[in-house]
Amino acid sequence: MRNESLILLGVAIFFGIVGVVYWFTSYEDGGTTMLVGTCLLGLLPGSYYLFWHRRMGFRPEDRDDATIEEGAGEVETFPSSSIWPFVLGMGAFMLVLAFAFGMWFFFPAVGLIVTALVGGTAESRRGGHV
Amino acid sequence: MTDVITPTTTGDGAHGPSVVGVARHEHEEHGPTGLLKWVTSTDHKVIGMSYMITSLVLFYFAGIMALVLRIQLATPSSSLVSFAQYNELFTMHGSLMLYLFAGPFAFGGLANYIVPLQVGAPDMAFPRLNALSYWLYLSGSITMMMGFLVAGGAAEFGWVAYAPLSNATNSPGVGPDIWIMALVLTGFSAIFTGVNLVATIFYLRAPGMTMFRMPIFTWNMLVTAILILIAFPVLTGALVMLFCDRHFGTHIFSVQGGGSPNLWQNLFWFFGHPEVYILALPYFGIATEIFPVFSRKPVFGYKGMVFATLSIAALSTGVWAHHMFTTGVVLLPFFSLLSLLIAVPTGIKFFNWIGTLWRGQLQFSAAMLFSIGFLFAFLMGGVTGVMLASPPIDFFTHDTYFVVAHFHQVLFGTAVFAGFAGLYYWYPKFFGRMLRENLGKWHFWLMFIGFWVTFMPQYIVGLLGMPRRVAIYPSYLGWQSYNIISTVGAFIIAASFAVLLWNLWISWRQPVPCGDNPWDAHTLEWFTTSPPPHHNYSHLPPIRSERPTWDYHHPDSPAIAHGEGRPPRGDKVLVSS
Ligand code: HEM
Ligand SMILES: [Cu+2]
């Protein structure tokens, strides 16, 4: 995880510097906010990964000399198929149509979204999916 | 329907290239079939393919709109379309090309399909989120196209929707609302795909596939994904604010209520400039995969490539305000310095591409020709881009056809040349069959010629002063002849895309099977079967350089790789394919 976290921390450092320069040369708050936000976007996951790297050390995928066998064991549980992403997507579709065309799309949209969230969560608990 | 992926050892790890079996998916055959199978699929390959097909269809739509625009411009005062229709058409052409084709084709389509294969993963990290991305993208695209059907027509404010042009008084009607909502949907879809790619690349690599052994395509997609996570939330937020201004009485972007139209530009270009690189980097990645394979050499300057990509990404977000040179509220020196600096890593990439080709055994396949076409087009677009980055020139050419020619050379050079290079290159992987090479070459040459004929005259007519986004122009300024040439070029490009359609059709109807690895390629995706099985790999080769497949198939040609890549020993073992 070390290189991974260094990339994200690099993002944080770069935008930290640009943000400081930008603020002190323009005193413009919109752009500064975005730059600070971007800095945080790198900082939070970057330091999280670094934390885990410290605890776990190098994983097989981080080591030059790892053999394929070291990856043995359960990788992850993957769903083969699921209807819920589609239902959720159609719910989101109807929701935006409600904003453009009027409220009669709103209630079916909410219905679909809630169903999909419940259905998807139940599926995860049954199958251990991500 | 759950598949637990459990790699199990079948080879002897101590001796040369061992092969590992993966216990697999007993449930596959019992799943849903037909349309339901497609709708419920969470396989990254199915989703990636759906993305590619959808975005290609939208590319053809946008191309037809471009032809209408060009016919209109061939005569100074044509009445083919009205002013309003002209505005609708260029807005939709630009929006479709940028938001619904160029980005999703590479990022949702190719990356979705190829990145998990290249790092040796069974699927994307979050398969259901991946499926959701596609459904949001599809419904966003349908929403965008619906703009033509509603009363008042589609949005007319250009792909950048500048305030105050985009407020409720200047752009009334449902068309603009639909445009905004379409981009909210596709924005979320891009963000979700970004999260997914980062997680896949960070967590699902095969053992030995260190960060600095990942193919450059995967690297570029990783950097693109991070850029998306930086830029798209800002766009989506800005769109929501715009919608509130239009409907809920807020005054975020209007002067009357104490807001500021410049804020829109500030927000928009914070997205918009990185977006240019979000559109470019994946295509750089494609070209970087193709050059080494058809030069039969490893890529030149692997690490330089990676660091160039990283610094392009960083600078691109730093330079956002250079688009506002003529609005005069920003710090000119700071931003023009950053925009000029971006030429340095871009130059490094160029140098490395040439270095890869240099003294290689070049094979001019269709994929290779398209990649070389990309080099030429991008070089031209890059040179004029550096010109535009200097404020005096920008003041002079701002909003003329010079700019139109510039961004078309860049976008067409990347998204179309490199994008179709990728299609020709990976098509055998997708289907286990070839596209017809000779038709591919026809496609290339027609497109290459049409490209220059279309866009070179636009530089000239731009320098002569012709403004962009006009449906008619004065006939006495000598602009017409250039416009006619440009229109003829557009039809040559259109003809080339008819050739592509024919190629797709004939290659489908009369298949030429090609085995798993027809190009003798380098990277991991060519190790598995074509098309890859459900969950991708039943065996993996040892990963000892950034060319594992090549090392495996050429045990005695030492991998002249970078870093430590030492060639595997030549024991013949349980072969996969
Ligand atoms: C088939 C070749 C193409 C032709 C003939 C073509 C033609 C045109 C024309 C005539 C305009 C309107 C210019 C104006 O009035 O200001 C335009 C605008 C535009 N085109 Fe293209 N185009 C082509 C391909 C592309 C591609 C591949 C992309 C991007 C991937 C693209 C992106 C855009 C954008 C962003 C605009 C600006 C829209 C706006 O002003 O808001 N075009 N194109
Ligand atoms: Cu820019």
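**View 1. Contact between chain B and chain A in the predicted model.** Chain B places 78 residues in contact (heavy atoms within 4.5 Å) with 63 residues of chain A. This is a predicted model, in which local features need pLDDT of at least 70 and side-chain atom pairs count only at pLDDT 80 or more, while totals for chains, interfaces and linings use all residues. Residues are numbered from 1 along each chain as its sequence is written, chains are lettered from A and ligands numbered from 1 in the order in which they are written, and side-chain values use heavy atoms, with hydrogens and water left out.

**View 2. Salt bridges across the interface.** Between chain B and chain A there are four salt bridges, a salt bridge being a side-chain nitrogen of Lys or Arg within 4 Å of a carboxyl oxygen of Asp or Glu. In one of them, the side chain of Arg205(B) meets that of Asp62(A) at 3.1 Å, N to O. Helix H4 (residues 127-146) of chain B supplies 10 residues, the largest share of the side that touches chain A; helices here are DSSP runs (H or I) of at least four residues, numbered from the N terminus.

**View 3. The iron atom of ligand 1.** His93(B) and His408(B) coordinate the iron atom through their NE2 atoms at 1.9 to 2.0 Å, where donors are N, O and S atoms within 2.8 Å of the metal (3.2 Å for Na, K and Ca). The six donor atoms subtend angles of 88 to 179°, which makes the arrangement octahedral (six donors, opposite ones over 155 degrees apart and all others between 65 and 115). Because His93(B) lies in helix H3 (residues 83-119) and His408(B) in helix H13 (residues 401-431) of chain B, the pair ties together parts that are 315 residues apart in sequence.

Technical notes
Helices (H or I, at least four residues) and strands (E, at least two) are DSSP runs, numbered from the N terminus. Four donors count as tetrahedral if all angles lie between 85 and 135 degrees; four count as square planar and six as octahedral if opposite donors are over 155 degrees apart and all others between 65 and 115; anything else is irregular.
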